[in-house]
Amino acid sequence: MKEYTIIGTLTDLEKHGQFSRWVGGHDILVFRHNGTIHALSNICPHFGGPVGYHRMRDGTFTCLWHNLQFSAENGQCLSVQKFKLREYKIKIEGAEIHVLLDEN
């Protein structure tokens with residue numbers, strides 16, 4: 001059985017439209033895009049900079065360190081094809097946001 005972990009609440013999300021949290025060794029960015037809540041790795045695959053430091057703009061996140069941009073839709077880097085942020089499955093239970101850390 002896949003085990004989900006609480007990462008935050010809908011109230012946390014509504015404050016700024018996004019938040020990031022370290023959970024079980026994962027730095028995860030949670031946000032709402034086109035009416036759906038998503039979760040992506042908050043660590044840029046280039047050099048490990050924070051992707052969600054700035055707010056999402058026009059459906060993209062920009063890494064703080066080198067300005068690489070990533071699609072909020074699927075985590076794909078818009079300029080370097082080999083870079084993609086990990087997507088996390090989430091579920092909502094009441095007001096809690098849960099994330100699946102391990103797919104196995």
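Predicted model: local features only at pLDDT ≥ 70, side-chain atom pairs only at ≥ 80, totals over all residues.
Strands E3 and E4 run antiparallel and are joined by six bridges.

Asn34, which lies in the loop between E3 and E4, is not a glycine, yet its phi is positive. Most residues other than glycine have a negative phi. Asn34 is also exposed, because its relative accessible area of 66% is over the 50% cut-off.

**Strand E3 and its other partner**

On the other pairing, E3 (residues 26–33) is joined to strand E2 (residues 18–23) by six bridges, and these two strands likewise run antiparallel. Two of the cross-strand positions can be named. Trp22 has Asp27 in E3 as its bridge partner, and Arg21 stands opposite Ile28 in E3. E2 and E3 also form a hairpin with two residues between them. In this turn the residue with a positive phi, about 55°, is Gly24.

How much of E3 is buried? Seven of the eight residues of the strand are buried, which leaves E3 mostly covered. Arg32 counts as partly exposed, at 33% relative accessibility.

**Salt bridges**

How many salt bridges does the model contain? The count comes to four.

| Pair | N to O distance |
|---|---|
| Glu14 and Arg32 | 2.6 Å |
| Lys84 and Glu87 | 2.9 Å |
| Glu93 and Lys91 | 3.2 Å |

The bridge between Glu14 and Arg32 has its closest N and O atoms 2.6 Å apart. Glu14 belongs to helix H1 (residues 10–16) and Arg32 to strand E3, so this pair ties together parts that are 18 residues apart in sequence.

In the pair formed by Lys84 and Glu87, Lys84 is partly exposed with a relative accessible area of 38%, and Glu87 is partly exposed at 40%. In the pair formed by Glu93 and Lys91, Glu93 is partly exposed at 39% relative accessibility, and Lys91 is partly exposed with a relative accessible area of 33%.

In soluble globular proteins, nonpolar side chains tend to be buried together. The largest nonpolar core of this model has 13 residues, of which Phe31, Cys44, Val51, Phe61, Leu68 and Phe70 touch the most other members. Apart from this core lies another, of 12 residues, among them Val23, Ile37, Val99 and Leu101.

Which residues does Val51 touch, when those up to four places away in sequence are not counted? Its contacts are Asn42, Ile43, Cys44, Phe61, Thr62, Cys63, Phe70 and Leu85.

**The loop between E4 and E5**

The loop between strand E4 (36–41) and strand E5 (60–62) contains Tyr53. Gly49 and Asp58 have their places in the loop between E4 and E5 as well.

Is Gly49 buried or exposed? Gly49 counts as buried, at 1% relative accessibility. Not counting residues up to four places away in sequence, Gly49 touches Asn42, Ile43, Cys44, Cys63 and Trp65. The C-alpha atoms of Gly49 and Leu10 are 26 Å apart in space, and the two residues are 39 apart in sequence.

Together with Phe47, Leu64 and Trp65, Tyr53 forms a nonpolar patch on the surface, and the accessible area of the four residues together is about 490 Å².

Definitions and conventions:
Residues numbered from 1 in each chain as written. Heavy atoms only, no water. Pairing = 2+ DSSP bridges. Helix = DSSP H or I, 4+ residues; strand = E, 2+ residues; numbered from the N terminus. Salt bridge = Lys/Arg side-chain N within 4 Å of Asp/Glu carboxyl O. Buried < 20%, exposed > 50% of the residue type's maximum accessible area, 1.4 Å probe, protein only. Patch = residues over 30% accessible without salt bridge, like charges linked within 9 Å, V, L, I, M, F, W, Y side chains within 5 Å. Areas by Shrake-Rupley, 256 points an atom, 1.4 Å probe, with all protein chains shown as cover. Core = buried A, V, L, I, M, F, W, Y, C linked by side-chain atoms within 4.5 Å. Contact = heavy atoms within 4.5 Å.
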